[in-house]
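Hi there,

Here is the structure I promised to pass on to you. Have a look at it first, and then read my notes below.

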Amino acid sequence: MIEIIEKTRDRKPLSRGEMWRWIEAVVQEEVPDYQVSAWLMAAYLNGLTDEEIFTMTEAMATIGSPPPRHIGMVDKHSTGGVGDKTSLILAPLVAALGVPMVKMSGRGLGHTGGTLDKLESFPGFQVQLSTEQLERQVAEVGVAVIAQSHDLAPADARLYALRDVTATVDSIPLIAASVMSKKLAAKSPNIVLDVKVGSGAFMETKQQAMELAHLMVRIGQAHKVRVKAILTDMNQPLGYAIGNAIEVNEAMATLRGHGPEDLTQEVKTLASHMVAMAQNIAVERALGEVSSALDDGRAWKKFVSWVTAQGADARVLNADLPLAPIRTTWELPAQATVASINTKGIGLAALTLGAGRHVKDQPVDHQVGIRCFVKVGQSYPTGTVAAEIYARDAQAADEALRLVKEAVTFGPAPDTANEPILAIIE
Ligand code: URA
């Protein structure tokens, strides 16, 4: 194992056999955390060749992964952002168009949220389904969102946990292998990747995100899987809501046709590519169908059938989910234009309220959250409510408000408008 660490440290590529053996040793826990961490830092600093990344991804997807319990026609993955509630909308939307969707999702960590935590805002929502329950739900409803099984790509579970505490997360080869190993293990023939770019994402510049997206598409090609990567903006939160129940409420509004414009546009783009790939039709035609399903209530009806099938009480769907009792607002004291938003700062403000977790397995508070109403490049008159906070107590509300104010910078509008969709890579 020391020789393997030395080779990566000295920029000597690992052979196929060496890489395969290394990942096997990681999964079988034959190497201690300190050696795995040393190798991760070497890979982070020196990078890996395409061949090494392809082999690493294949080994991570294969070693220790059981056959998937269900193979869908299309899968989707986001590299993580702030206010990213797209999966809650996409899953029932594409299912309403006849594309069955079984999505394995994760929990939030750090400043980024997780789909499972958001769904558990519905009292009684079940994220663990038996194989029989899953098959029945897919046959009857066409959509299920479940917890990623612990044994899917177990190498990633170990490597990711160590990357998180060794400052080696934001590495293009390591993110590509992490994302694609989980996607390849789930065996879907079509994959849509939402690659987030900006101050709330792991990739802060478009150039880095393009490099990551191209690499993941090449990994897909090497494994004969069709991958489309869609670069989306994370230089401001997506939509307005950040938290759990508060994001579910916004997702429900979007499914009923009155969601925020940026979120609606992003959902329509992602959904149209997913439907086009699954049904082998043109993206423009898929976009027309996606828009109709949102407008005529089919997507909302599918959402209701889905969440009630997984344990939500249908009565709670007649209104918004309740939020934490202490509400504070930030009103602009003067007319102002938003120059930039430090999106990670807003994510961290939600974290201080208790919407996320500092360490794995910590419980989250589903009812706390933030709505940040201002968008980059827009001007607002005096008295505009720029943000509102839902907290458990006044002290937490004040601290979150301070962080939100710190994250928003006023001044001249940037030269280019923030478009939700930045590029599509096939
Ligand atoms: N999402 C993943 O699944 N893995 C990473 O490494 C980063 C984001």
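Is R315 buried or exposed? R315 is exposed, because its relative accessible area is 64%; exposed means over 50% relative accessible area, buried under 20%, and partly exposed in between (1.4 Å probe, protein chains only).

A word on the background: this is a predicted model, in which local features need pLDDT of at least 70 and side-chain atom pairs count only at pLDDT 80 or more, while totals for chains, interfaces and linings use all residues. Residues are numbered from 1 along each chain as its sequence is written, and side-chain values use heavy atoms, with hydrogens and water left out.

Back to R315, which you will find in the loop between α14 (298–309) and β7. Helices (H or I, at least four residues) and strands (E, at least two) are DSSP runs, numbered from the N terminus. The side chain of R315 makes a polar contact with the side chain of D313, at 2.6 Å. A polar contact is a pair of N or O atoms within 3.5 Å; within protein, one must be able to donate a hydrogen and the other to accept it, and residues adjacent in sequence count only if both atoms are side-chain atoms.

Now for K118, in helix α6 (residues 115–119). K118 is buried, because its relative accessible area is 2%. Beyond its neighbours within four places in sequence, K118 is in contact (heavy atoms within 4.5 Å) with several residues, including D84, L88, N244 and E247.

Next, the sheet. It is open, with 4 strands in the order β6-β9-β11-β7 and antiparallel pairing; two strands pair if DSSP finds at least two bridges between them. At the edges are β6 (241–243) and β7 (326–331), each of which pairs on one side only. From one strand to the next, the twist averages 15 degrees. Strands β9 (residues 369–372) and β11 (residues 385–391) are joined by 4 bridges, and C372 stands opposite A387 in β11.

Two helices lie across this sheet's strands. Helix α16 (residues 394–407) lies across β7, β9 and β11, at about 30 degrees to β7. For these angles, axes are lines fitted to C-alpha atoms, for helices over the stretch in contact, and angles run from 0 to 180 degrees between N-to-C directions.

Enjoy exploring!
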